[in-house]
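Morning, everyone. Let me put the structure up, and then I'll walk through it piece by piece.

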Amino acid sequence: MNKRKIMDQLFEQKVVILFVILCVLTIIASKQPLTFVANELFTRIARNSFLVLALIIPVLAGMGLNFGIVIGAMAAQIAVFLTTHWGFVGIGGFLLTALLATPMAVFFGFLVGKLFNKAKGSEMICGLVLGYFADGLYQLLFLFIFGGVIPINNPKLMIATGVGVKNTIDLKDTIKYSLDTVPMLTIVEIGFYIVVAAIVLSALIKLIQKQPVNWKKSLISLVVAGAVYAVTFIPAVESFLAADRLLLLWAVELWIAIVLVWQIAKFLWLKVIRKEDVNVKRTLAICVAAVLVYAITYIPAVYEILIYVRLPVMTYLCIAGLCLFNTVLMRTRLGQNMRTVGQSRVVANAAGINVDRTRITAMIFSTVLASWGQLIFLQNVGTFSTYGAHTQVGQFAIAALLVGGASVQKATNKQAILGVVLFHTLFIVAPLAGKELFGNAMIGEYFRVFVSYGVIALALAMHAWKKVAKVGPSTEFAPASAGALGGGSSASAASGGTAG
Amino acid sequence: MRDNAKVLVRQVGLPRIIIAGFFLLLLVAAGGFQMDLLQLCSDFLRRWGMYGVLVLAMVPAVQCGIGLNFGISMGIVGGLLGGLIVVEFRLANIPALVAVHPLLAQWVGILIAILIGVVLAAGIGWLYALLLNRVKGSEMTVTTYVGFSIIAFMNILWTILPFQSGELIYPNAGQGLRNTISLADSYSGVMNNTFAITIGSLTIPTGLLLFFFLMCLLVWLFMRSKTGEAMSAAGANPNFARANGINVNRMRLVGTILSTVLAAVGILVYAQGFGFMQLYNGPMMMGFTSVAAVLIGGASPRKARISHVLIGTFLFQSIMALALPVANQFIPESNLSEVMRLIISNGIIIYALTQTGGGDRE
């Protein structure tokens with residue numbers, strides 16, 4: 001019984017397993033040192049994860065894979081162009097760009113949502129075509145309106161004739177690495193102020209609303225926050241935090257320490273103070289796993305990677321923050337509504353949920369997040385290809401999500417991150433493997449592109465296949481058994497009846 | 001009067017009126033710039049014939065019920081392979097035939113290419129149809145990505161296929177087939193030049209148009225045949241068709257294969273008119289262009305007729321032919337026409353998707 005369960009699990013994960021094998025084989029074939037692959041990989045995780053995570057909300061809202069994130073990316077690029085033209089630099093420039101991109105993305109997301117509501121059931125093809133359509137408008141804006149209609153006098157950005165923006169914009173002196181290089185010290189400092197502000201505000205709000213305030217808890221939180229902040233004034237800690245990149249080794253050690261402390265503290269809290277039953281086995285297993293991971297860091301090959309790779313802290317924090325946001329959102333009422341709409345629009349409607357509005361909200365979220373994701377991508381790459389940076393955004397993000405084991409109807413943070421790791425490993429090594437195996441890097445490159453299209457085609461086909469096997473898409477409110485008894489013809493009768 | 005106008009708008013469709021109006025506007029602008037209208041007209045005719053068969057491939061697909069076939073690249077690669085084989089073995093330059101008439105040799109060449117293309121496309125189309133029969137209701141989404149995938153897959157093949165001819169492969173020990181293959185020494189312009197009539201600056205590519213019309217006629221005849229009628233019935237209302245003893249899946253199979261085969265023929269007609277064969281990502285968006293053209297002609301994801309193909313291709317391609325010179329008058333050396341192509345072709349597809357709720361039945 002148990003064995004069969006494991007087999008089922010393995011079968012569920014077939015896409016992931018296939019890609020793990022593929023990645024391992026291509027890494028071997030490429031003959032590249034692991035340190036190189038790991039370093040490239042962590043750069044690409046920082047660059048792309050945000051965009052991939054931006055896809056999750058529409059999937060849960062039942063709108064499928066959002067090819068419309070291209071439009072969010074365009075909003076970001078318009079903002080980048082404007083701030084570059086106005087000459088804002090550094091993290092301030094980056095934040096201003098984000099601030100500028102957000103209302104645009106909200107507006108675009110609203111329009112996309114409106115459109116998708118008119119093409120329910122074919123959001124994906126509609127989103128894809130919409131991406132191309134928007135690309136036309138985008139080119140119109142950058143090639144003719146900038147300079148042609150809106151006078152922009154900037155020989156560094158504009159083509160010599162003064163009409164149209166140059167092909168590439170160098171962000172080296174403006175926002176390149178602006179987010180990646182925020183020092184940890186600043187992050188801790190800002191974090192401290194945010195925590196303090198949050199505690200004070202919540203207490204104030206409760207006072208105004210005449211609710212009882214838990215003074216003891218607030219005070220303890222304040223003291224803890226203060227203590228953490230105070231620690232940063234110790235010279236050794238201060239010098240450690242002054243850097244903007246974190247060595248992967250330290251990141252792993254830090255993470256293991258946090259896991260251990262958290263598990264033990266939780267255990268003690270529940271067992272000793274609250275006297276509740278706790279799953280000792282689980283706690284123990286996690287602790288042992290953490291220690292094992294720590295032991296692995298002593299393996300020379302692993303150690304070599306760990307002391308080679310440096311992580312941009314702020315970027316990774318942003319990605320972690322988005323994961324958290326996705327999780328928290330799904331626990332709110334809005335998130336629950338999205339989930340209900342995703343499962344069945346009919347049921348959602350019957351439950352009094354405004355289906356169209358929920359779908360539009362999901363699209364706005366996704367589009368705004370995509371625009372921020374594109375900003376993170378651009379600040380890391382450092383050169384902005386005016387007419388090319390957005391074209392493959394949807395394609396690669398969606399392929400990555402699917403490689404991680406997600407489907408048209410189900411996607412999680414874990415799948416997104418895993419997908420980014422696998423897809424981008426292939427991204428890095430496939431051309432090199434092609435060169436080693438066939439003496440032609442292009443073959444590897446083409447193979448990679450083929451994989452990215454192929455995996456999407458496969459996922460879409462499997463989704464459609466399942467939908468047909470489940471006896472038509474429109475039998476949501478009919479009991480499934482009735483469809484099964486009626487056989488194929490009654491099934492398609494149901495789907496045919498509501499066609500068009 | 002007002003009601004009449006409303007009825008007219010509803011019958012012809014707002015986007016078609018806009019696009020036709022845009023075409024007239026461009027035409028007037030071209031006249032205003034004192035361009036050679038006759039030469040532009042020859043351009044219209046040439047492009048009409050060149051793209052026509054590719055657009056025609058939409059008719060059986062839509063009629064058999066799989067909707068707009070974004071995946072005609074499945075057939076296109078078949079046609080390209082046929083064309084490559086003809087160039088490789090110099091089948092368009094068989095000396096005995098060249099001695100009779102060069103055009104005859106070229107015709108033999110392109111017909112062999114079409115024959116090979118059709119055979120390959122029929123095989124690919126059959127597999128493709130089997131897939132599509134399993135994804136009923138989401139064909140368009142699937143066809144788009146399957147179409148992209150085959151292009152990406154063929155990219156690998158184009159690099160490793162063992163072609164030898166110097167016209168095909170990259171010079172200087174490069175690997176793989178060229179991106180753009182010149183047909184100047186094989187069958188370039190064979191249809192365009194057959195019985196071509198030149199009056200002043202107006203050139204009528206009679207052979208090309210005749211071939212296009214012949215293809216239209218064949219499809220039209222097929223649609224009037226018993227199988228064709230059954231196919232349309234299966235596409236329009238599968239349950240009704242099934243109740244009448246029509247094998248719906250088989251009809252979809254026939255329609256998909258026919259569409260794929262027409263795409264293979266279409267790309268060769270296009271290539272001979274263009275003078276080049278484009279490999280790699282060249283044909284990637286051809287599906288979109290063809291879909292847009294047939295939609296402009298008045299088709300919907302549920303219904304497409306030969307007249308839609310004729311009108312749509314003419315309007316769309318004429319706008320494209322006009323846009324470049326007119327746009328250049330405003331902004332020299334710009335690719336405004338390319339931008340316009342993106343906006344028009346994708347705009348009309350989105351419009352069609354929102355009108356019918358798409359091909360995905362919900």
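A residue is buried here if 20 or more other C-beta atoms lie within 10 Å of its own. Keep that in mind for the helix I start with. One caution as well: this is a predicted model.

So, α17 of chain A. How many of its residues are buried? 24 of the 27, so by that cut-off the helix is mostly covered. Now its length. α17(A) covers residues 355-381. At 1.5 Å a residue, those 27 residues should span 39 Å, and the end C-alpha atoms are 39 Å apart, which agrees. Just after the helix comes G382(A), with a positive phi of about 90°.

Next, a residue in another helix of chain A. V293(A) sits in α12, residues 280-296. Buried, exposed or in between? V293(A) has 15 C-beta neighbours inside 10 Å, so it counts as partly exposed. E253(A) is 40 residues away from V293(A) along the chain, yet their C-alpha atoms are separated by 9.2 Å.

On to the contact between the chains. Chain A puts in 49 residues, and chain B puts in 45. Which elements of chain A give two or more residues to that side? They are α6 (90-118), α7 (123-148), α20 (441-469) and α21 (480-497). The largest share is from α20(A), with 16 residues. By type, the chain A side splits into 32 nonpolar, 13 polar and four charged residues.

Now the core. The largest nonpolar core has 250 residues. The residues with the most contacts inside it come from both chains: L55(A), L401(A) and I456(A), then L54(B), M58(B) and V265(B). Helix α13 of chain B, residues 248-274, supplies the largest share of this core, 16 residues. Take M58(B) from that list. Leaving out residues up to four places away in sequence, M58(B) touches L68(B), N69(B), S290(B), V291(B), V294(B), A299(B) and A304(B).

Last, chain B as a whole. Chain B has 16 helices and four strands. Its radius of gyration is 21 Å, close to the 21 Å that the globule rule gives for 362 residues, so chain B is as compact as a globular protein of that length. Along the principal axes, its C-alpha trace spans about 60 × 55 × 35 Å. Of its 362 residues, 52% count as buried. And the contacts? Among those in chain B between residues at least 6 apart in sequence, 76% join residues at least 24 apart.

That's my tour. Over to you.

Conventions:
Residues numbered from 1 in each chain as written. Chains lettered and ligands numbered in written order. Predicted model: local features only at pLDDT ≥ 70, side-chain atom pairs only at ≥ 80, totals over all residues. Expected span 1.5 Å × (residues − 1). Buried ≥ 20, exposed ≤ 12 C-beta atoms within 10 Å, placed from the backbone. Contact = placed C-beta atoms within 7 Å. Nonpolar A, V, L, I, M, F, W, Y, C, P; charged D, E, K, R; others polar. Core = buried A, V, L, I, M, F, W, Y, C linked by C-beta atoms within 7 Å. Rg over C-alpha atoms; globule rule 2.2 N^0.38 Å.
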